[in-house]
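Welcome, and please open the structure in your viewer. We will go from stop to stop, with something to select at each.

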Amino acid sequence: MSLPYEGHELAVAVADLLARPDNPRLPIRQPWWRQSLALGVPGIAVLHVELAAARLRPWQRAHDWLAAATSGPVTTGADSHPFHGAPALAHVLACAAAHQPGTYARALDDLDRAIAADTRHRVAAAHARIDDGELPALAEFDAIRGLAGIGAHLLRRAPDSEALAMVLGYLVRLTQPLRAGSEVLPGWWTSSGPSGRADSRFPGGHGNNGMAHGIAGPLAVLALAALRGIFVDGQTAAIAAICAWLDRWRHDSKPGPLWPYWITRPQLRADRAEAHRAQRPSWCYGTAGLARAQQLAALALNDPVRRAAAEDALVRALADPRQLAATTDPSLCHGHAGLAHIAHRVTADALPDTARQLRASVPRLLGSLDPHDAGPRRTAAALVAAGPGVLEGAAGVALAALSCSNAAALTSSWDACLLTAPVTYPQT
């Protein structure tokens, strides 16, 4: 079953329900909402920017939402991260500037300076932590809160900057082993559970493989930088080291390769862990995000065997009834919209036969957004009622549906924050 209408129709219907930032049904008085790319104003603004760029809705709506996002003090420093505060606001303004060159230049310059200063502090703290032989927190390096996400932003906004070189150098060092007592652990091993907090279910911590919170995020950033001709010492070796880790823990099953979401200390000691056949193949965790990261790595390493394997892994995951049955919501983060979007992005860089198969899977995945043929307006209303945000809400579903449609702006890189954007895109 495919979506019974064009994806841009669903995106427009969602945006029309979120036309005004002063809508009293939205949590406008929540202090976090104005600066949250994941849940609040910046993410909804991205949707309006992309629809305006596609000439489907007026630019004034996008400007209204951008004005709302920048209408108060901007969080910087330790309380900011790629999905909140200065980097989140800079991302959405950069999206607008990509389609309307010269707009928001002063605000972006101010944000760039703040982000560069924060990056220097973050990288210095991370190196000090490594020098002390301590394990990192997930929020130090991941795509949502950490330096992988910051690196993705700098790669787009300031590819020649010292700040980006510092981030890449840190990510290279992150791949070097750390000693914990008598054991040698990967440099990204954390003492917490996957939530980032202490967890009795993870004695000895864990090694996270995901795109959102694990080592796949740094892998994608290092690979994307290499593909754009940006290198620091050890970068190629670091990409290869992460790939070797993923190869070590790959479980080759009949439906296709699977990777555990994470590795526990007992599993590391036993050198054995199997991924669950019914796990979601999502962006945040699972085969979809890992396939994109490994495709980028293979392109960066000029490794045709790994490239074909990564692309085939996604094809097989999207054809596996168990993995698809485990995908039970429409979201961009871990639902059908995210799968359609990643399939669409991987297709653009895939080998011809794989591209054909993935292209055919996108309409079917989008069809899961409206399984009862309710139509774009009713489907949009249900999505907005469940939440308006990007990662788990209506704006993200709408952006994915739009990006997979023929109406999408060809130069769009709104998903740079997800590390799934095209290999090449215009600088802003």
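The tour below visits a helix, the core, a serine and some cysteines. Keep in mind throughout that this is a predicted model.

**Stop one: helix H3**

Select residues 59-69, which make up helix H3. Which of its residues are buried? Colour Trp59, Arg61, Ala62, Trp65, Leu66 and Ala69, and you have the buried set. These residues sit on the same side of H3, because they cover an arc of only 160 degrees around the axis. An α-helix has 3.6 residues a turn, so residues three or four places apart point the same way.

Now show helix H1 (7-17), helix H2 (41-53) and helix H4 (86-99): the buried residues of H3 pack against these helices.

**Stop two: the largest nonpolar core**

Next comes the largest nonpolar core, with 138 residues. To find your way in, select Leu10, Val14, Leu47, Tyr170, Trp245 and Trp283, the residues with the most contacts inside this core. Which helix gives the most to the core? That is H4, with ten residues.

Stay with Trp283 and display its surroundings. Leaving out residues up to four places away in sequence, Trp283 touches Ile144, Met211, Ala212, Ala288, Gly289, Leu332, Cys333, Ile342, Leu391, Leu418 and Thr420.

**Stop three: Leu418**

From Trp283, step across to its partner Leu418, in the segment after helix H18 (394-403). Is Leu418 buried or exposed? Leu418 is buried, with a relative accessible area of 2%. Beyond residues up to four places away in sequence, Leu418 touches Phe83, Met211, Trp283, Leu332 and Leu391. Try the distance tool on the C-alpha atoms of Leu418 and Met211: they are 207 residues apart along the chain, yet separated by 8.3 Å.

**Stop four: Ser361**

Move on to helix H16 (residues 352-367) and pick Ser361. Ser361 is buried, at a relative accessible area of 5%. What lies 2.7 Å from a polar atom of its side chain? Look for the backbone oxygen of Leu358. Leaving aside neighbours within four places in sequence, Ser361 is in contact with Leu318 and Ala343.

**Last stop: the cysteines**

How many disulfides are there? The count comes to zero. Select Cys95 to see one example: the nearest cysteine sulfur, that of Cys417, is 7.3 Å away, whereas a disulfide needs the sulfur atoms within 2.5 Å. Cys95 is buried, at 1% relative accessibility. Cys404 is in no disulfide either, and the nearest cysteine sulfur, that of Cys417, is 15 Å away. Cys404 is buried too, with a relative accessible area of 15%.

How values were computed
Residues are numbered from 1 along each chain as its sequence is written. This is a predicted model: local features need pLDDT of at least 70, side-chain atom pairs count only at pLDDT 80 or more; totals for chains, interfaces and linings use all residues. Side-chain values use heavy atoms; hydrogens and water are left out. Buried means under 20% relative accessible area, exposed over 50%, partly exposed in between (1.4 Å probe, protein chains only). Helices (H or I, at least four residues) and strands (E, at least two) are DSSP runs, numbered from the N terminus. The arc is that of the directions from the helix axis to the C-beta atoms. Contact means heavy atoms within 4.5 Å. A nonpolar core is a set of buried Ala, Val, Leu, Ile, Met, Phe, Trp, Tyr and Cys residues joined through side-chain atoms within 4.5 Å. A polar contact is a pair of N or O atoms within 3.5 Å; within protein, one must be able to donate a hydrogen and the other to accept it, and residues adjacent in sequence count only if both atoms are side-chain atoms.
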